[in-house]
Structure formats: structure tokens, C-alpha cells
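Subject: Structure handover

Hello,

Here is the structure for your files. My notes follow below it.

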Amino acid sequence: MNYSERKKKLEVYLDMDNVLADFDAGVGRKDYEWNPPEMFKRGFFLNLPVMAYAKVFYAYLERIPNVEVYIATKYTAHAPDCLTEKLLWVQEHFPKLADRMMVVCDKGHLNGDVLVDDDHERWQHCFRGTFMHFDHTNPKDSFIAIAHQIKCQAQLKEDLEKAEYLGISPHMSGEEK
Ligand SMILES: [Mg+2]
């Protein structure tokens, strides 16, 4: 798939920590401080449990036409093992995404359409596309709501691409003669 074909699809980035991976469960205590010491221990990222319902959510996204799913994760420079551990984790739990990982220092650099992330304070205002907030304290309802939004956005993007291809004026619905 070349660049222009890829840009016709809805590019969706899924965060890892507290979206696909249950970071809280890995820490093992509530009300932890920012960057808890547990995450700097070797094996922390490798052994995180998969977030409840995350595999069903991903399988659903894969079936939506016109959607391309990627992972977008920030690395931690003070825990260099996290780079390898995150890749190994994805290979084990979401193998189809292993060669679709955007490992970044700042999610504001991403150029896709949708970012699904729990950290709205850091990324909502700098992500250039549509930010969808994932509430990791209520994964089931949050995944359902986000899946619905992504499906609608993908459908609308496809309709708009078709209208543009057919030369239909942006002021018409595409159903008018
Ligand atoms: Mg996160």
C-alpha cells in the first residue's frame, strides 16, 4: 500500500499503557505517583497483563473496513529495557501489531487520524487528529464507546473520499442528482 492509498484509510493509534496493557495491575497498588518505581524494574513492561476487553476491541477494529490500526507508545528513557519489553509484549499478545508500533517521545508528532489514549492531559491538546479518551477504570464501556466513534469516523471518511473521487461538490450529499 503506497502513501496516498494509506492516507485514504482512517489511521488509528492505540496507546499501550492503560489501554492495551493494564499498567495499574502491573504496579499493583492504587493512587501511585507519576512514574512509580515499579516501572523501572526489569520485566515490568514485559509482564503487564492485557487490559480487560482489549483483545475483543482490537478484533472489532480489524473488521471495520477502511481502518488501519497502529500502536503509539511513549518510551521511558530512564528504563531502556522498556523498548525491548514492549516489543516482546506486543509480539506475544497482539502479534499483528508488532510491525506497526510507533515508539515516540511525544505523541504530538504523530500524523494519523485518531489517538486512543488514557492520558488526555498530555496528548489531547497536541495530537493533530481526533483524540479519544480511554477511561481505564471502566474499560468495557470505554472500549464500546470508542469502537462506535471509530466506526462512524471511518465510514464518513470513506464517503468523503468517494465524493471527492467522483467530483461531487462538498456542498452536496452525493445522493442528489
Ligand atoms: Mg497510557
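Three bridges join β1 (10-14) to β4 (114-117), and the two strands run parallel; strands (E, at least two residues) and helices (H or I, at least four) are DSSP runs numbered from the N terminus, and two strands pair if DSSP finds at least two bridges between them. Y13 has L115 as its bridge partner in β4. Four bridges join β4 to β5 (residues 130-133), also a parallel arrangement, with H133 of β5 as the bridge partner of D117.

This is a predicted model: local features need pLDDT of at least 70, side-chain atom pairs count only at pLDDT 80 or more, and totals for chains, interfaces and linings use all residues. Residues are numbered from 1 along each chain as its sequence is written.

Both faces of β4 are covered, with V114 and V116 buried on one side and L115 and D117 buried on the other. Buried means that 20 or more other C-beta atoms lie within 10 Å of the residue's own, exposed that 12 or fewer do, and partly exposed lies in between, with C-beta atoms placed from the backbone. In a regular strand the side chains alternate between the two faces of the sheet.

Leaving aside neighbours within four places in sequence, V114 is in contact (C-beta atoms within 7 Å, placed from the backbone) with L10, V12, Y13, G129, T130, M132, I150 and Q153.

The largest nonpolar core has 35 residues, and those with the most contacts inside it include V12, L20, V114 and V116. Such a core is a set of buried Ala, Val, Leu, Ile, Met, Phe, Trp, Tyr and Cys residues joined through C-beta atoms within 7 Å. β1, α3, β2, α4, β4 and α6 each supply at least two of its residues.

α3 (residues 54-63): A54, F57 and L61 are buried. They lie on the same side of α3 because they cover an arc of only 60° around the axis, the arc being that of the directions from the helix axis to the C-beta atoms. A59, E62 and R63, on the other side, are exposed. The buried residues of α3 pack against β1, β2 (67-74) and α6 (139-165).

α4 (81-93): C82, K86, W89 and V90 are buried. Their arc of only 95° around the axis puts them on the same side of α4, while T84 and E92 on the other side are exposed. The cover over the buried residues of α4 includes β2 and β3 (101-104).

Regards
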